[in-house]
Amino acid sequence: MDILQIVTLGLVASLLFIILKDVNSTFAFFVIVITGIIIFISIIQQIGSIFQLIQTLGAKAQVDGMYLETILKIIGIAYIAELGASITKDAGLASVASKIELAGKIFILLLAVPIITAVIEAILRFLPAT
C-alpha cells in the first residue's frame with residue numbers, strides 16, 4: 001500500500017468517524033481502531049526493509065550487533081508507545097495515553113543505559129589519567 005492509498009483510507013475513516021460518532025460512538029471508535037491496524041499492517045513490510053538496511057549498514061561499519069539491536073528495540077518501543085497512546089487519546093482517555101507514553105520513555109531509558117555507559121567509557125579512555 002503506498003502513501004496515497006494510506007492517506008485516502010485515513011480520510012475515508014475520518015469522514016466515517018465524523019458521521020458515525022453521533023449515531024453510534026462505539027462503532028465510530030472501532031472504525032478508527034481498525035483503520036489504524038490496517039495502516040500498521042500495511043507498513044510492516046517497509047519497516048522490515050528499514051531494519052534490514054540498518055543491520056546491513058551496521059555490519060559494513062563493523063558496529064557491535066548488541067548496539068544495533070538495542071537501537072532497533074528503542075525505535076520499536078517508541079513507535080508502539082506512540083500508537084497505543086494515540087489510540088487511547090482517540091478514545092478520550094488522555095490520562096491513560098500519558099501513562100503509556102511515560103512507560104515507553106522509561107523502557108527506552110532502560111535499554112539506552114548500556115549504550116550511554118559505553119559512550120561514557122569511550123570518552124573516559126580519551127581523557128588523560130590523573
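This is a predicted model: local features need pLDDT of at least 70, side-chain atom pairs count only at pLDDT 80 or more; totals for chains, interfaces and linings use all residues.
**View 1. The lining of the largest pocket, sorted by class.** The lining has 21 residues in total. The space inside the largest pocket comes to about 610 Å³.

**View 2. The centre of the largest pocket and the helices around it.** Look here for Ile39, Phe40, Ile43, Tyr79 and Leu83, the lining residues that lie nearest the centre of the pocket. Two elements, helix H2 (25-60) and helix H3 (65-90), each give two or more residues to this lining. H2 provides the largest share, with 12 residues.

**View 3. Two domains meet.** The protein chain is divided into domain 1 (1-47) and domain 2 (64-129). The largest pocket involves both, since its lining draws at least three residues from each of domain 1 and domain 2.

**View 4. The contact between the domains.** Here 4 residues of domain 1 are in contact with 4 residues of domain 2. The size of an interface is often given as the accessible area lost when the parts come together. Between domain 1 and domain 2 the buried area is about 350 Å², and carbon and sulfur atoms give 88% of it. How many salt bridges are there between domain 1 and domain 2? The count is 0.

View 5. Side chains of opposite charge can pair when their charged atoms come close. In this view, the side chains of Lys73 and Glu69 form a salt bridge, at 3.3 Å from N to O. Lys73 and Glu69 are separated by about one helical turn because they are 4 residues apart in helix H3. The count of salt bridges in the model comes to 2.

Key. Residues are numbered from 1 along each chain as its sequence is written. Side-chain values use heavy atoms; hydrogens and water are left out. On a 1 Å grid over the protein atoms alone, a cavity is a set of points where a 1.4 Å probe fits but cannot get out, and a pocket is an open set with protein on both sides within 12 Å along at least five of seven lines; lining residues have an atom within 4 Å of a point. Grid points are joined across faces, edges and corners, and a volume is the space filled by probe spheres set on the points. Domain bounds come from an automatic or database domain assignment. Contact means heavy atoms within 4.5 Å. Buried area is the accessible area (1.4 Å probe) that two parts lose on being put together, summed over both. A salt bridge is a side-chain nitrogen of Lys or Arg within 4 Å of a carboxyl oxygen of Asp or Glu.
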